[in-house]
Amino acid sequence: MTDTDSSTPVEEPVVLSKDKKKKKHRKHKKKRRRDAAADDDDDRGGSSSSNEEEDHGKHSSDNKEIDMAAIDDDGNDSTKHKREKKSKKKKKDKKRKRSSSPPDDGDDSSCNNSNNKKSSKKKRKKSSSSKQRSKDKQKEMDEKVVSSSAIEYYPEDLKHLQLKKNQETVVLEKNVKTVDESKLKRKASLPNNDATTSNNTTMESKTKGDKNATATKEGDSSTTKQKQPNDKANNITLLLFYQYVEPPWDETQFQTALQFVTDQGQQHNLTGRMRVAREGLNCTLTGSHDGIRAWCAALRTFDGGRSKVQEVDDNGTKKTKIITEFANTEFKLTDDLPPKQRFPKLHAFEVIEIVNYGLAGHRAPSISQHGGTHLEPHLYHEKMHQKDTVIIDVRNHYEANIGRFDPPKGGAHMIDPKMRKSTEFPLWLDRKETKEMLRGKQVLMYCTGGVRCERASALLKQKIDQEEDTKELGIKGVYQLQGGVDKYFKAFPEGGLWKGKNYTFDKRFAHAPPAVEAVERTKKVLGGGGGDEGGGGGGGVLESSSKKLASSMEEGSSKEGNAEVIMGKCEACLKPWDMYRGKRRCPTCGVPSLICRDCFEADKSGMKKLGREVRCDLCVADNVRNKRELREREEREMKEYEQKLRRSDGDDYAPMIQRKHAITRKPKANPERVTRLFLKNMCARQMDESKLLEIVHPARVTHIQWLTDRNTGKFYGSAFIEVKTAEDAGSVLALDGTFQLGRKMKVKYQKHDEKDIWPIPNTEVSSS
């Protein structure tokens, strides 16, 4: 073979076997990858050696020749097509690497600009997605927030006047506050011995402050003429909500919840009352439009360390969702209330129950197991038209006295339990006459906001499930109004089947449905109260609006109920009246007194004194004339009820929890398993069997030996008791050193002597 023949390597691959071709192809593939990496280095570094470029050229020419030979041999162009695809992919990879890698000093400004554009695009995408998530969360929360405006049905001119008045009130309050602060500062700066000088200066500052206040008021009122007074910051939002938690919080979780709601309330400048128990929350709060809603959003996130994970079906895809304690809480909001209806301060206090039914601890019926069926206002409205239906007003009688549902003829039957307080409901439900009223009926319940119906409906359903005499009544169902009367008014602003006013536990005290309130308010402004209400001009427009509202109300009232009717009567003169005024209470039972304005002013001026004979209508109907009679009757009824529970519950019976320490106290150690205890330094005047059982609850006492004086035979404040178990004894010992009925009670274990007889005969607890 000649030299020329040996120097022609291009023709040799034609006769190569397929295996050799594959091996060569793999080698060249590896070379191409190395070359691509070298190209990337050139792009990043901006320079490379000439030797590398020559080698790269050689390798690429060799690759081309071998690839062409392979194509000719196979007679197939598919490899070429694949190669083109790979080269395109490599170019894309290079671009990605350039955009992701940080730019070096040698990069162009155009490269930096492109990277910046890409990063800004990514940021915009992230922000838009986060905004979308927040919108979704807000939408989900808004579905459980029921809000309305207190002035929604006012005529436009009256709406404007009300908002203007709200703004002026806020400005005036701020000015008064600044004047008071300036007076305090001046007093603090003055010497103590110059009393006359300080009095003169304070008088001068008062007159100056009043002038400044009026001047600023005039200035602000002039600005309000230019601007529409529709700023939400000047109005008050009222929040009503409750939430039971099951199982109840333990002590640590309770303290965490109490601290959280208090801190969040202070952070968002809220005022009002929070009833915080181990079974949940019951709150009535006031604040700004945004502050209230921010507090609600914060409460949604609170889990107290007990959040649950639940699978949710989202358009066919299963997702995990964290369910917090207040994820499904319904918040009822009323916006645009005047500033004077704001609570003065925030008060969060610890209670045993969020509604005091006397059903705390083991007595509490499970709401998740026995709770009534919740009906939205429109469905509840339809149920009231059905026969074989009863409606139980779960509120107190003095609330029902000024307003209640009035079902149509042939529809539901209204029942008022005539309670003075909620603790009477379990006793009323247990009476034979009550059970007969419920026989064969479907039962509807309602209250102001819905919270009182939760335990009430659960108690009735528990009785149906567990007690034979209630089961045989054939009750067709237990339903409750979702959101109470407050939500019903939002759904039926003209009143629906409501008659009268709704009693509230906030600064409104009592209110009619929104459309009725609008008519009454418009008439008040037109009827001479215009100067006080900021009225004056535009009377003709208000009058025409008032007539339109009144005519629409008349049409609505002719169809169903009549919310404008005055339901109550003055307890002194018996004229129609439906507003509770002042702080006077019934001298017999202590419920709020319904006294008209004329009688109230006459009593205040001394012209006509309201004596002890002026009692609530319930005390008059029951012929109760003093507190002693009422107390004796209540104690007798409660004793009968407790005796019945003892017989039915047997060993599981425990007295009603009426004290916080019954839940919070931790039992002491009892290594010797002693069940006898000695108690001393008790209040000899007030202590009796029922009081002692209440104090030591949940410990179960079987025997009590009251120690008496040998000469007089009177109880002097000491006793021996026997309890059921050693754990009960440890629970009673935890009361050592606590104040009970005004005295510091002493408790200790007292193991009985085997020579003595214990327990002593005839010392058993009387109702066991």
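Reader: Is T423 buried or exposed?
Author: The model is a predicted one, in which local features need pLDDT of at least 70 and side-chain atom pairs count only at pLDDT 80 or more, while totals for chains, interfaces and linings use all residues. Residues are numbered from 1 along each chain as its sequence is written, and side-chain values use heavy atoms, with hydrogens and water left out. Buried means under 20% relative accessible area, exposed over 50%, and partly exposed in between, with a 1.4 Å probe and protein chains only. The relative accessible area of T423 is 17%, so T423 is buried.

Reader: Leaving aside neighbours within four places in sequence, which residues is T423 in contact with?
Author: T423 lies in the loop between β12 (413-415) and α13 (425-429); helices (H or I, at least four residues) and strands (E, at least two) are DSSP runs, numbered from the N terminus. Contact means heavy atoms within 4.5 Å. With those neighbours set aside, the contacts of T423 are N356, Y357 and G358.

Reader: How much space lies in the largest cavity?
Author: A cavity is a set of points, on a 1 Å grid over the protein atoms alone, where a 1.4 Å probe fits but cannot get out; lining residues have an atom within 4 Å of a point. Grid points are joined across faces, edges and corners, and a volume is the space filled by probe spheres set on the points. The whole structure holds 4 cavities of 30 Å³ or more. For the largest cavity, the space is about 90 Å³.

Reader: Which elements give two or more residues to the lining of the largest cavity?
Author: The residues that line the largest cavity include H397, Y398, D617 and L618. The elements asked for are α12 (397-400) and α21 (617-622).

Reader: Which residue in β20 is the bridge partner of W706?
Author: Two strands pair if DSSP finds at least two bridges between them. Strands β19 (residues 701-708) and β20 (residues 715-723) run antiparallel and are joined by 7 bridges. They form a hairpin with 6 residues between them. The partner of W706 in β20 is A719.

Methods. 1 Å grid on protein atoms, 1.4 Å probe; cavity = no way out; pocket = protein on both sides within 12 Å on 5 of 7 lines; lining within 4 Å.
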